Amino acid sequence: MKKNKSTLFRLVSYTRPYAPLLIISLISAMVSVAVSILVPLTIGDAIDCMKEGAVDFDKVFEYIYILIAMIATGSVSQWTLSASTNALTFKTVRNIRNQLFEHINKLPLKFIDNQQQGDIIARISSDIDQVSEGLLQGFTQLFSGVMTIIATIAMLFYINWIIALSVLVLTPLSLFVASFITKRSHSTFAEQAVKRGEISGYVEEIFTGHRLVQAFCREDGCQQDFVKKNDELYKCGFKSQFYGALINPCTRFVNNLVYASVGVVGALICLWSDSPQSLNVGDLTTCLMYANQYTKPFNEITGVITEIQSAVAASRRIFALLDEPAEEDDSANETIEACDGTLKLDKVCFRYVPDRPLIENLNLDVKKGQKIAIVGPTGCGKTTLINLLMRFYDVTDGSIAVSGKDVRAITRSSLRDNFGMVLQESWLFEGTIRDNIAYGKADATLEEIIQASKLANAHDFIDKFPDKYDTMLTENGDNLSQGQKQLLCIARIMLTHPPMLILDEATSSIDTRTEMKIQKAFYTIMQGRTSFVVAHRLSTIRECDVILVMKDGNIVEQGNHEQLLASRGFYYQLYNSQFQNS
């Protein structure tokens, strides 16, 4: 329960920037409650003017006019309350979503690599929607509800303290019932939020690999897995909704007892006409209306406990993500504006898991403009080395220096600005071809984009589209072939002209004929630039100045293509294994 309170307080703290809206909501709630309190009193006074044989019509009509004015005022205040709480809620949720997305962009790659992407998406979408619904219900119901309870019990004491005590005696029973059910339902709501995130992650995972699912005829298996996860969500969802559904009827039953007790006690007092606490018919009518008003907020508040609990459970998942440590702030580090392309690795060690070494004592001295190829079997550390160069991960020991400066002393943004990176997996977003190519240089002119596309051999197929560079791409460019998508990614890098390049299997998805054209374009753009080429096809790296042969995290051989073949070592074995059947 302490965790629930701290989560709720933290959630409410996000409303501080919108204190004026909160004040308007409070004032509107006070006006609305005041009107709702005065209406029964006015009705009671009007009834007292209707005595048998002596109805004071002037007074009755006067009270009717007053009631009309009160009801109109109450309607306006209710609308103001609703509008202000809506604005307060959605602005608060908007800020949380913005903060969450900003924080995700600052999280280290290590966290993203170890987290299910669909679960992260669920937190920024469905979980925040749950928070929105809970906040909206909470502000709307709690503000007016609490004030109504306090005001009506005060008026009951004002009219007749005996009736007021009869109401107060039964009130704890309603609170006990609600509290008893709420404590037992919270864990089911927390479990429901987790299961919702898991199922979102599974759907995202299967949808992303839908072609492979169909290629391996795994539709039935995926369906079975989804049904299993969906059944788990159903079970915990059923429990949470069952407990949530119990709250309202149980408290409503207790509240009806309150209403009945007021009627019985008030009727008895009316019969005792000689009692000093006697009531007239108008006062009894007012007390009954107050009893109904007093119990109504309990029904409403307990009715939204389900939404509030769901919002708290979702908030905890959101705050858990917000509390994940971001990459260490390096804004105080120096920036590297003009990189000369030199790079040095000195006794570099790295491990993803503390007790499992991956790269050990790696040394490398790269001169300006050199073309460095990195080859080796899967898992030898090729991609890890690239991650270290880009500071997606930091070295466990040793150092990496660019232009003579330790990369840990340089801001990540300025370091990465000096690298152009083309990965094996192409990434395109929903937008025009022009926008996708200009992703790294938003102010690029169309002429620059066309020139980069020609260098990447992408202009010919782009020019065949009816809208050419204004052709809209679907999400991840699924309306293009894999080779075309990779060509656009290559053109994107060629547009930025960075001093250093990283080509991580950049031509693996392109046919051999296109690959030859791309290689020529690469050699053109690599002139005078330090380049790192990760490749499995050894035929693509023959012209590189230096070939680093990695095995088990170490550079076991180093030299150019001819030298390594002549040495008949590990590279010789790798090379021949690819061409033994040619």
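1. Strands β11 and β12 pair in the parallel sense, over 5 bridges. Two strands count as paired if DSSP finds at least two bridges between them; strands (E, at least two residues) and helices (H or I, at least four) are DSSP runs, numbered from the N terminus. Within this pairing, Met500 stands opposite Thr530 in β12.

2. This is a predicted model, in which local features need pLDDT of at least 70 and side-chain atom pairs count only at pLDDT 80 or more, while totals for chains, interfaces and linings use all residues. Residues are numbered from 1 along each chain as its sequence is written, and side-chain values use heavy atoms, with hydrogens and water left out.

3. The two strands belong to an open sheet of 6 strands with mixed pairing, in the order β8-β11-β12-β5-β13-β14. Its edge strands, each pairing on one side only, are β8 (419-422) and β14 (554-559). From one strand to the next the twist averages 20°.

4. Strand β12 (residues 530-534) is mostly covered, with 5 of its 5 residues buried, where buried means under 20% relative accessible area with a 1.4 Å probe, protein chains only. Thr530, Phe532 and Val534 lie on one side, and Ser531 and Val533 on the other. In general, side chains in a regular strand alternate between the two faces of the sheet.

5. β12 also pairs with strand β5 (residues 371-375), to which it runs parallel through 4 bridges. Here the bridge partner of Ala373 is Val533.

6. Helix α16 (residues 482-496) lies across β8 and β11, at about 175° to β8; axes are lines fitted to C-alpha atoms, for helices over the stretch in contact (heavy atoms within 4.5 Å), and angles run from 0 to 180 degrees between N-to-C directions.

7. The structure holds 3 cavities of 30 Å³ or more. A cavity is a set of points, on a 1 Å grid over the protein atoms alone, where a 1.4 Å probe fits but cannot get out; lining residues have an atom within 4 Å of a point. The second largest cavity has about 50 Å³ of space, and Leu388, Arg391, Tyr393 and Asp394 are among the residues that line it. By class, this lining has 5 nonpolar, 1 polar and 3 charged residues, with Tyr counted as nonpolar and Asp and Arg as charged.

Note on methods. On a 1 Å grid over the protein atoms alone, a cavity is a set of points where a 1.4 Å probe fits but cannot get out, and a pocket is an open set with protein on both sides within 12 Å along at least five of seven lines; lining residues have an atom within 4 Å of a point. Grid points are joined across faces, edges and corners, and a volume is the space filled by probe spheres set on the points. Buried means under 20% relative accessible area, exposed over 50%, partly exposed in between (1.4 Å probe, protein chains only).
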